[in-house]
Every structure is written in structure tokens, then in C-alpha cells.
Amino acid sequence: NEYKSYLRCEMASNIESSMEENPAKKQKLNPSDEVLTEENNNGSEEVANEQDNNNAKKMKLKEDSTQVKDESQKKEDNQIKENQEIKEDEVNNENQNNEETRPDTICDETSEEKLPKKKQSGIALICGSLNWDLMGRGSKAATQKKSEPQWTPAVIANLSEQRITDVITGPLACHCFFITEDNRLYGLGRNENGQLGLGHKHRQDSPVEIPFFRGKKVLGAACGKGHSIVYTESNGCFGMGDNSMGQCGVGTSGKNLDIIIPKQCEIDYPVKQAACGLDFTLFLTEKGTVYSSGSSANGQLGINDAGEYIEKRKVFYTPFSTPVKVHSFFTKEPRTKEIIRLQNVVIRQVSAGANHCLAVSEKDELFTWGFNGHGRLGHKTTENELVPMRVLFFRPGFRFEGVRIAKCSHSGCLAVNRAGTLFIWGQNHLSKYECPYPVQIDDLYGWKVDDMSSGMKHHIITAEGSCIAFGRSTEGELGIGPNIKSASKGDKMRDVEGLKILQCAAGYALTLLLALDNNAESKEILSKLSSVYH
């Protein structure tokens with residue numbers, strides 16, 4: 001019936017529309033047509049009435065359902081409030097009982113979050129040259145008898161009972177440091193400038209604790225060619241060794257004025273990291289500010305002053321023996337090359353090569369400055385930079401944006417971006433990767449890199465549980481076995497495969513590893529390795 005009435009309504013509407021379009025036809029209608037239109041109109045009125053009734057019923061049902069929902073929601077809210085009140089009463093009662101029984105000191109939950117994470121500790125391993133005085137001295141070393149290099153990673157026997165948290169050396173260093181779990185400092189290697197801080201200049205052929213730092217809670221250290229920096233938790237920062245250009249940052253400088261007993265640096269702020277180059281040092285404070293001391297002949301101090309002067313027709317350079325603040329960080333507009341000073345740059349990591357530096361900001365921006373031979377600064381030029389300049393390859397908005405970690409080699413740089421991809425540039429003794437801008441290492445494509453370190457002519461990478469080495473290996477610094485002089489492609493250290501390597505540190509011709517030994521499998525692998533320094 002509804003369908004019939006619907007058809008009638010449609011017919012009537014069609015007739016009415018046709019009449020409006022042609023009034024002449026309206027006059028010719030017969031009585032039967034009028035009857036039809038009346039019937040159609042009556043039918044449409046009935047349909048409209050039925051629809052109104054149905055809509056009214058639906059509205060009533062909706063109102064009833066909303067009332068029911070409101071009542072049930074009120075009941076649920078009341079029940080939740082009652083439960084919360086009961087729980088609060090129980091908690092208050094428990095707190096009152098605990099306050100009666102526990103001591104006055106209360107441990108705040110937020111204080112646990114603010115505490116720094118405890119470093120993992122492990123076993124120290126070493127490979128490469130152990131001829132400390134002959135390392136890197138070709139003509140002198142050729143005439144003297146040398147001991148056989150350590151071709152594969154070996155356990156340092158007299159440190160095997162110590163829990164080591166840090167292994168430290170540098171790309172120009174022929175000495176190294178070890179920090180234990182209880183913040184004591186051990187030294188090993190060349191000491192002809194007093195860089196070990198032992199109070200003498202005799203070579204140290206086995207790791208020995210440095211008495212000066214007993215009880216000072218050592219946090220970290222850095223190694224240059226002939227000097228070292230050690231920073232502590234509450235006793236400040238100390239420099240030792242060669243100080244001819246003021247690189248120790250103690251306020252004085254001069255030839256034949258080596259510091260054999262550690263001397264406090266002239267910096268008034270807590271230091272959380274240091275980096276040593278050939279004859280300069282970078283200090284990074286806990287607030288993210290960078291200070292530098294030493295030679296600025298190539299702009300490596302980042303203070304826009306090389307300190308050069310002419311005397312008797314010769315160019316000399318003024319040493320900066322007191323740490324100077326690096327005030328500004330800059331970037332270049334990619335198209336116009338306009339130099340723009342950046343505001344509020346906070347640095348979280350620094351590194352130093354022979355005569356160049358890098359820094360990574362809290363926003364994961366990479367800055368480089370200093371000597372730019374072979375394009376080691378990554379700016380597609382070979383011009384020196386006297387101030388920190390942002391590397392545009394990792395700029396925000398670019399597809400490789402963001403740097404997670406970066407390190408200087410002797411004459412180049414390595415960086416890992418946010419995606420875990422490794423890039424390299426500068427002079428790296430691998431012909432296909434010598435480039436004045438960052439290039440991706442094809443042999444490690446797809447590997448997620450955790451850490452890396454570079455020596456004089458070799459590189460060590462830790463990625464996905466493996467330790468990978470490439471570069472020169474004339475002294476066994478790659479740790480991949482005897483009779484292998486170099487590796488242009490990344491090669492795994494087979495002897496430590498299966499171990500979790502916590503840290504790696506590359507020196508002039510040696511490599512240090514820190515291996516985790518927290519399970520039976522890792523202890524079994526370590527037991528199969530050779531050992532040195534019994």
C-alpha cells in the first residue's frame with residue numbers, strides 16, 4: 001500500500017510540474033484527471049502522517065535509551081568514586097603504618113630516575129703493537145729489535161680481576177688508560193713526556209694504577225700524542241705530559257716544561273668529556289659548553305683566532321694555555337652560501353683528530369672546524385675553518401639528517417646518523433672512501449652501527465654484536481690474524497665473535513676492546529683467547 005501511494009504521489013507531482021511548465025494543458029484536464037489528483041494528494045498526506053508517527057516513536061525510544069544510559073553512567077561514576085575513596089583510605093593507612101616503622105629518611109621515586117645509569121663492566125682486550133717506544137718511528141724502529149705484534153685480541157692478564165668500565169686511547173696516542181668499576185685509573189704504554197702521570201718518564205710495560213688519582217673518583221680521560229687529560233667527579237680536571245703549546249690547559253706553557261705529576265686545569269666548570277689532538281685539547285662541560293686550549297695554528301680551537309704573529313720575518317703562534325670558551329656555532333645557507341650564526345647550541349659530544357675537531361649538538365647537528373686537508377671537515381672544500389661550521393650533509397630536513405655519534409680519525413671523520421648508517425670522509429687510507437664530503441660505507445650497508453673508533457690508519461666498528469675492522473694492519477691493529485697487512489673491506493674479528501663488545505678504542509697502532517663476560521658462553525670464548533701482561 002505504501003508503495004502504491006508513493007507511485008500516486010510521484011504521478012501527481014509529475015502532472016503538477018507539467019502544468020506549471022504548460023498552463024494550456026491544465027485547462028484541458030477532464031474531471032477524471034481531477035479525481036486522480038485528489039486521490040494522489042490524499043495518499044501522500046497519509047504517507048506523510050505515517051512517517052511523522054514513526055519519527056515520533058523513534059525520538060521517544062532515543063530519549064528513553066539516553067535516560068537509561070545517564071542513569072547507568074551515574075551509577076558507574078558513583079561506584080568508581082566509592083572505590084577510589086576506599087583505596088585512598090587504604091593507602092593513607094598504609095603510609096601511616098610505614099611512617100611509624102621506617103626511618104626518617106624518605107626515598108623519592110623521582111630521585112631514582114635522575115641518578116645516572118650505572119656503566120656496564122667487562123674484561124679489557126688488546127691487539128696491535130706492544131712496542132711502545134718504537135711505535136710510529138720507522139727509521140729508529142728499523143734498527144732495533146722489536147717483539148712480535150699481538151695479531152689477535154688478547155686478555156690483559158693483570159687486569160682480568162678488575163671490573164673495567166672504560167678503555168681509552170686516541171688516534172695519535174701510544175699510551176692508554178683503563179677505568180675500573182670503583183673509579184680507579186690504570187695506565188699503560190709510552191711515557192716519555194710524563195703523559196701517564198706517574199711522576200716519571202719511564203715506559204710502562206704493564207698496566208699500573210696511577211697513585212695520584214686514588215680516592216678522586218675518576219670519570220673519564222683522553223689521550224693526545226704526548227699529553228693526557230683526566231676528569232674526576234668532584235676534584236676537577238687534570239692535565240699531564242707535553243705542555244709546550246699549553247695543551248694541558250693549566251695556565252702555563254713552554255718547551256721542556258712537561259708535567260709529570262698531574263696538575264689541575266684552569267677551568268671552573270665540571271667537565272663531562274675531553275678530547276685531545278696533536279697539541280690542543282677540547283673540554284666539554286656538563287652544561288654543554290665547549291672550551292679549548294693549546295695551539296690554534298689551523299683554527300682547531302674554534303675561537304676565530306689563529307694566534308699568529310710575525311717576528312724576525314718568521315710566523316709564530318701564540319699558545320692558549322688557559323681554556324677559552326668556544327662562543328659561536330655557524331651554518332652556511334646551501335644556496336646563497338650566506339654564513340648564519342646559530343643560537344642556543346648545546347653540545348653533547350666532542351672529538352679531536354690531529355689538527356681538526358668535531359662536535360655533536362643536542363639536536364643531533366654535526367659541527368667541524370680546524371685544518372681541512374683532504375676535505376676532512378666534510379664541507380666539500382679544503383679551506384680551514386676557524387669557527388665551528390655545521391656539516392650540511394646532516395642538516396635538518398635532509399634525508400640523512402641527524403647524527404647519533406661521530407668520531408675523528410687522524411685525518412678524517414666518521415659519523416653514524418639516526419638510522420644507524422655509517423659515513424666516512426677525509427683521508428682514511430682507503431682510496432675509494434677518500435672524499436671531501438660524507439660517503440656511505442657500502443660494505444657495511446644494512447648494519448646498525450653501535451660504536452666506532454679510529455686510529456692512525458685503521459678503524460674499528462661494533463655493530464649488531466660483531467666487531468668489524470678495516471684499514472691498515474701492519475702491526476696487527478685490526479685483530480684479524482697474522483700476515484694480513486690491510487683490509488679494504490670490513491672484516492670481522494673472528495676470535496671475539498659471539499662476545500658483546502661494550503666499547504672499542506683505537507690508538508696509533510693498537511686497538512682496545514671491552515668485552516662483556518656476564519654468562520657462561522662469553523666466559524668460554526674469553527678463556528680461549530691468549531693473554532698478555534701476566
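Visitor: Is Asp-258 buried, exposed or partly exposed?
Guide: Asp-258 is partly exposed, with a relative accessible area of 22%; buried means under 20%, exposed over 50%, and partly exposed in between, using a 1.4 Å probe and protein chains only. Please keep in mind that this is a predicted model, where local features need pLDDT of at least 70, side-chain atom pairs count only at pLDDT 80 or more, and totals for chains, interfaces and linings use all residues. Residues are numbered from 1 along each chain as its sequence is written, and side-chain values use heavy atoms, with hydrogens and water left out.

Visitor: Okay, and what does Asp-258 pair with in a salt bridge?
Guide: Its partner is Lys-201, with N to O at 3.1 Å; a salt bridge here is a side-chain nitrogen of Lys or Arg within 4 Å of a carboxyl oxygen of Asp or Glu. Lys-201 lies in the loop between S5 and strand S6 (204-209), while Asp-258 lies in the loop between strand S9 (237-241) and strand S10 (259-264), so the pair ties together parts 57 residues apart in sequence. Lys-201 counts as partly exposed, at 42% relative accessibility.

Visitor: How many salt bridges does the count come to?
Guide: The count comes to 19 salt bridges. Among them is the one between Asp-166 and Lys-119, at 2.9 Å from N to O, which links Asp-166 in strand S3 with Lys-119 in the loop between H4 and S1, 47 residues apart. Asp-166 is buried, with a relative accessible area of 11%, whereas Lys-119 counts as partly exposed at 43%.

Visitor: Changing topic, what is the mean pLDDT of the chain?
Guide: The mean is 82, and 76% of the residues reach 70 or more; pLDDT is the predictor's confidence in each residue, from 0 to 100. Confidence is lowest in helix H4 (residues 109-114), at a mean of 40, and highest in strand S12 (residues 280-285), at 98. Helices (H or I, at least four residues) and strands (E, at least two) are DSSP runs, numbered from the N terminus.

Visitor: Where does pLDDT stay under 50?
Guide: One such stretch is residues 93-115, for which the model has one contact beyond four places in sequence, where contact means heavy atoms within 4.5 Å.

Visitor: And how many helices and strands are there?
Guide: The secondary structure of the protein chain comes to six helices and 33 strands, and buried residues make up 48% of its 534 residues.

Visitor: How many residues are in the largest nonpolar core?
Guide: That core has 26 residues, and Ile-126, Trp-132, Val-167, Phe-178 and Leu-512 are those with the most contacts inside it; a nonpolar core is a set of buried Ala, Val, Leu, Ile, Met, Phe, Trp, Tyr and Cys residues joined through side-chain atoms within 4.5 Å. Several strands give two or more residues to this core, including strand S1 (123-128) and strand S4 (175-180), and the largest share, three residues, comes from S32.

Visitor: What does Leu-512 touch?
Guide: Beyond residues up to four places away in sequence, Leu-512 touches several others, among them Ile-126, Val-167, Phe-178 and Cys-504. A second, separate core of 20 residues includes Ile-501, Ala-506, Ile-525 and Leu-529.
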